[in-house]
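Please load the sequence and the model side by side.

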Amino acid sequence: MQTGREIEGVIYIVSAIVIGFVAERYLLKILVRRSETHGWRFFEIVLRALGGLIITMLVLITIRNVVELFPITEGKEETAYKVIKIIWIIAVTLFLTRIAVAVLHRVLARASNKGAHGATTILVNIVKVVVAVLGLFWIFHTLGIAITPILTALGVGGLAVALALQDTLTNLFAGIYILSSDQMQIDQPVKLTTGEEGVIHDISWRTTTLRTAGGNLIVIPNSKFAQSTLTNFSLPERTSAIIIPLIVKPIGDLDRIERVALTAVSGVLAGDKRWEHCECTVQFTEQTENGLRVQVIIKPVLFDEQADLKHRSLKEILRSFRENNIELGIKGGTAPQ
């Protein structure tokens, strides 16, 4: 008779696994696609957060209701209930963590259209830690462990930990400062006075990573990055100007030099839709012993497109100068910047 009750319990558990598998494999995917189609953003986030957890939750609920069908003593039954509840808390904590991180990504992605940063590693980790700590306190409460003495002990030991992890905490708070200042954000191009240049790739709890034009990553401690003097090419606007410095011999008609340079750059701008909105000006800035300093200024140009446009424009300017017998003041044709 007892064996029959055990078989009944096993059947319930196996049925929960099968139902959970079907729900995970088919029903959940259908609901996610329907949510995407109708634009139900939060419902979609909740459904995606359930991925991999439906079977676990169904099995836990089933076991919780069929434990009494198995020959377990009263003491062990209470322990089994606690274990089930702890596993349930872990699953719910993971579920809530996924929702919190997904909402963070969605909010910051929407804000990125207005110039704000995307979700960085440090923000994601802070959210995960906060939810995990709440879940841990929930487990302590379930086990009957008092939380107040733990918080007191953490407060007393916090000073020793802070001294031992001084550099780590310095970088952590520097990373938070970088984000809160709202002056340095993900995907913004920056250049440090020390020479490092690239697009901000990520800001983690310890380092800020720049992605160079060549695809490499420059890793800088947050404390160093926060103290650095840098140029942000995205502020106050995401576009800026290209300045091509030249030195020419001040012989002949200066208007012709200006006209040839403008014609050369205009041809480059007209040949690519990315730069049809750009304007070009020529300025004579200084007379030197090497010749007349000239600046060809093109704006507005996105940072990622500046290198390509400067390359094409300089080639076309030098070609046009040769064709029109305009001599450069020094060998190479460009003045030191």
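Predicted model: local features only at pLDDT ≥ 70, side-chain atom pairs only at ≥ 80, totals over all residues.

Residues are numbered from 1 along each chain as its sequence is written, and side-chain values use heavy atoms, with hydrogens and water left out. Helices (H or I, at least four residues) and strands (E, at least two) are DSSP runs, numbered from the N terminus. Two strands pair if DSSP finds at least two bridges between them.

Start with the five-stranded sheet. This open sheet has the order E4-E3-E2-E1-E5, and its pairing is antiparallel. Strand E4 (217-221) and strand E5 (230-232) are the edge strands, each pairing on one side only. The twist from one strand to the next averages 40°. Angles here run from 0 to 180 degrees between N-to-C directions, and axes are lines fitted to C-alpha atoms, for helices over the stretch in contact.

Look at strand E1 (residues 189-192). Three bridges tie E1 to strand E2 (residues 197-203) in the antiparallel sense. Lys 191 stands opposite Glu 197 in E2. E1 and E2 form a hairpin with four residues between them. In that turn, Gly 195 has a positive phi of about 110°. E1 also runs antiparallel to E5, joined by three bridges. There, Val 190 has Asn 232 in E5 as its bridge partner.

Now move to the three-stranded sheet. Its strands form an open sheet in the order E6-E8-E7, with antiparallel pairing. Strand E6 (239-248) and strand E7 (279-288) stand at the edges with a single partner strand each, so one side of each is left without a neighbour in the sheet. Here the twist averages 25° from one strand to the next.

Which strands does E8 pair with over nine bridges? One is E7, which pairs with strand E8 (residues 291-302) in the antiparallel sense over nine bridges. The other is E6, also antiparallel to E8 over nine bridges. A hairpin of two residues joins E7 to E8.

Two helices pack on this sheet. Contact means heavy atoms within 4.5 Å. Helix H9 (residues 254-270) touches E6, E7 and E8, and its direction makes about 145° with that of E7. Helix H10 (residues 303-323) touches E6 and E8, at about 25° to the direction of E6.

The helices also pack on each other. H9 and H10 meet at an angle of about 135°, with their axes 9 Å apart. That makes H9 oblique to H10. Angles under 35 degrees count as roughly parallel, over 145 as roughly antiparallel, 65 to 115 as roughly perpendicular and the rest as oblique. Residues of H9 in this contact include Ile 257, Val 260 and Leu 269. Those they meet in H10 include Leu 309, Ile 317 and Phe 321.

Finish with the rings. Arg 64 lies over the face of Tyr 81, at 4.1 Å from the ring centre. A charge sits over a ring if NZ of Lys or CZ of Arg is within 6 Å of the ring centre and within 35 degrees of the ring normal.
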